[in-house]
Amino acid sequence: MGRMLISGVLGKSVLEQSGDVIGRLGDLVARLDDDSRPVVTGIVVRVARKRDLFVSAAEVADFAESGIRLTSSRLDVRPFARRDGEVLLRRDLLDREIVDLTRGRLARVNDLVLGSDGDGWRVVAVDFGANALVNRLGLGWLARKRLTDRQVPWEQVDIFASDAPVRLPGIRHGKLARLHPSDLAHIVDELPYPQGDEVVASLDDARAADAVEEMDPRIQAVLLTSMDQERAADILEEMGDAAAADVLADLDPDRAEELLQKMDAEDAAAVRNLLTYDESSAGGIMTTELVAMSSDVTVAAALEQLRLAEWLPESFDAIYVVNSTADGDFLGVTTLGALVAAGPEAPIGTLAKQSPTATPYEDAREVAQRLVRYRLSAMPVVEVSGTLLGIITIADAVELLLPEEPKLHIPRIFG
Amino acid sequence: MRLPGSIGPGLRTYAEAAARKRAAERRRRRPRSSFVRILALVGPGLIAANAGNDAGAIATHSSAGASYGYSLLWVMVATSLPLIIIQEMCARMGAVTGKGLADLIRERFGVRWTTFAMLILLVANAGTVVSEFAGIAAALELFDVSRYFSVPVAAFAIWWLLARGSYRHVERVFLGMTAVFFAYVLAAFLAQPNWGEVAIAAVTPTFRFEAGYLSLVVALVGTTITPYMQLFIQSSVVDKGIDATHYRAERAEVVFGSLFANLVVMFIQIATAATLFIAGIRVDAADDAARALAPVAGPFASVLFGLGLFGASMLAAGVLPLATAFAVCEAFGFERGLSRDFDEAPVFYVLFTAMIVAGAVVTLIPGLSLIQLLIAVQVANGLLLPVVLVFVTRLAGDRELLGTWANGPILSFFAWSTAVVVGLLALTYVTVVVVMPIFGMSIV
């Protein structure tokens, strides 16, 4: 199987069978169908300034360093025009930042590896290595040993349709969607908006919500305000209520209200409730996604309810018990394990254990530190009057306490 | 929480919560005097617009006013439109593509052109970093601090703050200090210039084929339309999260900011012309330049000037190395950013450290006139500018890249005209100042 680097042939002379030079190789056209390797369907020959001709791949006899030889002299040439479903390997792919799935992050394309299996050329791999960069500069002799070669097979990269000015329905980001939401969020954080929008648009609501939760707050705001507002509301519904409230709190109040109205009423009410708390207070980081039960419910009835539940919180193990009397005050916590071990007729109130609690007005950091110190998996947030409002999970506490990653922001002062 | 039959968490009614929110908002929006409100609204924008006026700009405009009176004011009027056009193109590219300038150059022109463009940027920006350290040295010499002490300390402090990622915390302080330069507006009025003369000079282009005059023209262009500002404005638009749908409001800000920045420096020229030029004082050192503020601050003029110069220099000396290293790494696809450590992003760290070290070392070469150094760097910027403009203009006219947002024929014409005029200016300068002396010729 023949292999070649695209940088080795770009700019080389294109010769007719007779040996006459008709122009230079400006670009290669490839068809993007699905996830399979793109097939080179033709070449773009630059015959004069701003004059490009298209030559079908069938008429290319050979790619070589010395030049590209065509099979015939009577060329069926036509002016080159862009078409949907086709990428230009140099213009749309070379030198772009695409996703290196092997590392789960963005990388710049320093070269493309083409392979031939007899019936045509395909893009088989992408070279992200510094060696490829140095070679293209003609400085390969300089540091060949010390620099890295990084050729990643085509199956392990993901490219963006919005990098090309034509429609590319073949790009569906199926592989990208399988990355961990945190990696996905990080990639979208770093992508320019058109490409970031493209990725989020390709995800289903649940995956998109998982990823948006992990994104930089500023990117969240830009993404959600620039996309279709119905879709934005759908994504917010899928997000945890605390995360959704965080996002909405950063938006322009009118924009946030508009989104809240488009959301499912029940979800919107939960988010509105959280929005009333200051962001730096315990109320500002709590979630209302918890299971609360009345103290007079029996163990058997509780287990039955859990089995029938259409929805349970993520990493669910605690059941918050509230008084069966009219005031409904918070009583204590019991675990799923305790529930399973207890006799079926016992009222759940007898299993409830006292737990340290926080009020919603306390400083969020202090509460988070207390939570970590007590080694709790979650801390109930209880109103002074005794009403259970929500919980702060260990995950949210840790996120708050971890030092912020330093970031480069060109200061806003310029411009 | 949606367990059938269980008690949900929405234990408090929404009405109750809404009432509490309204109360909290009332507390937050305690009425302030309208003056404070207006200042809070407009102030940051004005200061921001003025932030591009760094050490080199102050030195160049002071020198222009002191040496040539009002007769270089026309350059500022003439550069206003090109400045707006170029800043607008970069801001637009940032908003539409969401990419930085270095990114676009790499994607559109390939590795070789990128290397060329990045070398130009690196030289221009490294030069500007030198000028910022010269500004720090000059500012602190007003307070009798030796440059051999101030520059190494400042360089280390900046490097340390940058590497720790805590520079942004002190940035505002420096930015606030640059507000001092608004005192020039007051100084210009207090010096009671002949405003008729000023107005006529501002709209009357004059040109002299002499080295000193030409240098200042090139330096004024170089400090007004700096290569690094093109880089910055595009990144800042991307960073602010402005996309194509939000761009129109941003454009007004760009236009207004450019005009405002040019207006402020015109007052520097007017103030120095009305005080120093009339008295026949040329600007050879920072304390000469500071005297232009005497109408406002009297004996404290040099304190005021020193503070402003120090703030402006520290601001740019921190931002430039980082932004340049970031742009270069972005273009070549190297790991970058302060969230990576040295082992992960060696090129990034080496680049910004080297720029700081080089800037500090050059400033400390014994016997250098700091003011001359500051102006020389602006000249270099002016000479490198045409190259950057060609890249910017080609990108901004690219329909495949920007679609309907690409330059139309009129804008294209103006943009290319600017590149050509700036190029001719650079060529003239090189001919008169470099080539002709070699052959023993001069036109004075």
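This is a predicted model: local features need pLDDT of at least 70, side-chain atom pairs count only at pLDDT 80 or more; totals for chains, interfaces and linings use all residues.
1. Two residues are in contact when they have heavy atoms within 4.5 Å of each other. Setting aside neighbours within four places in sequence, Ser313(B) is in contact with Ala55(B), Glu132(B), Gly135(B) and Ile136(B).

2. Where does Ser313(B) sit? Look in helix 15 of chain B, which covers residues 301-332. Is Ser313(B) buried or exposed? Buried means under 20% relative accessible area, so Ser313(B), with a value of 0%, counts as buried. A polar atom of the Ser313(B) side chain lies 2.6 Å from the backbone oxygen of Leu309(B).

3. Gln269(B) is counted as buried because its relative accessibility is 0%. What does Gln269(B) touch, leaving aside neighbours within four places in sequence? The list is His61(B), Ala64(B), Gly65(B), Leu72(B), Leu73(B), Met76(B) and Leu220(B).

4. Now over to chain A and helix 7, residues 205-214. Its buried residues are Ala208(A), Ala209(A), Ala211(A) and Val212(A). Which helices do they pack against? In chain A, the partners are helix 5 (181-190), helix 6 (193-202), helix 8 (217-226) and helix 9 (229-238). Check the start of helix 7 too: there, a side-chain oxygen of Asp204(A) comes to within 3.1 Å of the backbone nitrogen of Ala206(A).

5. Two of those partner helices turn up again around a hole. The second largest cavity has a volume of about 80 Å³, and helix 6 and helix 8 of chain A each supply at least two residues of its lining. Which helix gives the most? That's helix 8 of chain A, with 4 residues. The lining includes Val188(A), Tyr193(A), Asp197(A), Ile219(A) and Ser226(A). Sorted by class, this lining has 6 nonpolar, 2 polar and 1 charged residues.

6. A word on empty space in general: rolling a probe the size of a water molecule over the atoms shows where it is left. Here, the count comes to 6 cavities of 30 Å³ or more. The largest cavity holds about 140 Å³ of space. It is lined by 14 residues, and the closest to its centre are Asp34(A), Asp35(A), Asp158(A), Ile159(A) and Ile171(A).

7. Last stop: strand 19 of chain A, residues 378-382. This strand is mostly covered, with 5 of its 5 residues buried. In a regular strand the side chains alternate between the two faces of the sheet. In strand 19 of chain A, both faces are covered: Ala378(A), Pro380(A) and Val382(A) are buried on one side, and Met379(A) and Val381(A) on the other.

8. What does strand 19 of chain A pair with? Its partner is strand 20 (residues 388-393) of chain A, in the antiparallel sense, over 5 bridges. One bridge to pick out joins Val381(A) to Gly390(A) in strand 20 of chain A. The two strands form a hairpin with 5 residues between them, and Gly386(A) in the turn has a positive phi of about 110°.

Key. Residues are numbered from 1 along each chain as its sequence is written. Chains are lettered from A and ligands numbered from 1 in the order in which they are written. Side-chain values use heavy atoms; hydrogens and water are left out. Buried means under 20% relative accessible area, exposed over 50%, partly exposed in between (1.4 Å probe, protein chains only). A polar contact is a pair of N or O atoms within 3.5 Å; within protein, one must be able to donate a hydrogen and the other to accept it, and residues adjacent in sequence count only if both atoms are side-chain atoms. On a 1 Å grid over the protein atoms alone, a cavity is a set of points where a 1.4 Å probe fits but cannot get out, and a pocket is an open set with protein on both sides within 12 Å along at least five of seven lines; lining residues have an atom within 4 Å of a point. Grid points are joined across faces, edges and corners, and a volume is the space filled by probe spheres set on the points. Ala, Val, Leu, Ile, Met, Phe, Trp, Tyr, Cys and Pro count as nonpolar, Asp, Glu, Lys and Arg as charged, and the others, Gly among them, as polar. Two strands pair if DSSP finds at least two bridges between them.
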